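Please keep the sequence and the 3D view at hand while reading.

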Amino acid sequence: MALERTFSIIKPDATRRNITGKVLSYIEAAGLRVVAQKRLHLTKDQAEGFYAVHKERPFFNDLVSFMISGPVVVQVLEGENAVAKYREVMGATNPANAAEGTIRKDLAESIEANSVHGSDAPETAAEEIAYFFKDEEIVG
Ligand code: IDP
């Protein structure tokens, strides 16, 4: 199968607890490679733009506030079936429903502060990667 790329965010609850390396260990154990990575503090505009698809949802304002509450680590992950594989490694949105051994089951704090974001489809992945990275910043 061809290599695929997905977009990941290690969220502020994880940077606050200094467990970005722990999150990364799940990613690498799943056979995904980090081919681009940077730490940044999202602006309100960036966070609102990134989550624009959720702007009518009741949790939108809280989600944006949470995402700008501390630094994040944005990443491009590469591997076979990377989009679906990362969703599997992340686990369900609500850590209470996440499967054993997933990032969210083991590390997340709540349905909002759930430690990681991962693209939900290859098309979304391409858009999300382009939102944060230039082509030359991705080294496969
Ligand atoms: P996903 O991150 O598992 O793809 P989405 O439904 O796309 O889940 O939601 C985006 C993010 O919004 C979640 O990761 C979580 O941080 C937050 N979120 C989703 N549902 C709720 C909720 O019911 N209350 C608070 N925050 C939520």
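Predicted model: local features only at pLDDT ≥ 70, side-chain atom pairs only at ≥ 80, totals over all residues.

Glu112 takes part through its backbone, where an N or O atom lies 2.9 Å from an oxygen atom of the ligand. Taken alone, the ligand exposes 530 Å², and the protein buries 78% of that.

The wider surroundings come next. The ligand sits in the largest pocket. Around the ligand are Lys11, His54, Phe59, Leu63, Arg87, Thr93, Arg104, Ile111, Glu112 and Asn114.

Now leave the ligand and turn to the backbone. Asn18 is found in the loop between α1 (12-16) and α2 (20-29). Although Asn18 is not a glycine, it has a positive phi of about 60°. Is this residue buried or exposed? Asn18 counts as exposed because its relative accessibility is 67%, and the cut-off for that class is over 50%.

Another asparagine, Asn81, lies in the loop between β3 (72-80) and α5 (82-90). Its phi is near 55°, a positive value in a residue other than glycine. The relative accessible area of Asn81 is 35%, so Asn81 is partly exposed; that class lies between under 20% for buried and over 50% for exposed.

Conventions. Residues numbered from 1 in each chain as written. Heavy atoms only, no water. Near = heavy atom within 4 Å. Polar contact = N/O pair within 3.5 Å; in protein donor to acceptor, adjacent residues only side chain to side chain. Areas by Shrake-Rupley, 256 points an atom, 1.4 Å probe, with all protein chains shown as cover. 1 Å grid on protein atoms, 1.4 Å probe; cavity = no way out; pocket = protein on both sides within 12 Å on 5 of 7 lines; lining within 4 Å. Sits in = over half its atoms within 2 Å of the grid points. Helix = DSSP H or I, 4+ residues; strand = E, 2+ residues; numbered from the N terminus. Buried < 20%, exposed > 50% of the residue type's maximum accessible area, 1.4 Å probe, protein only.
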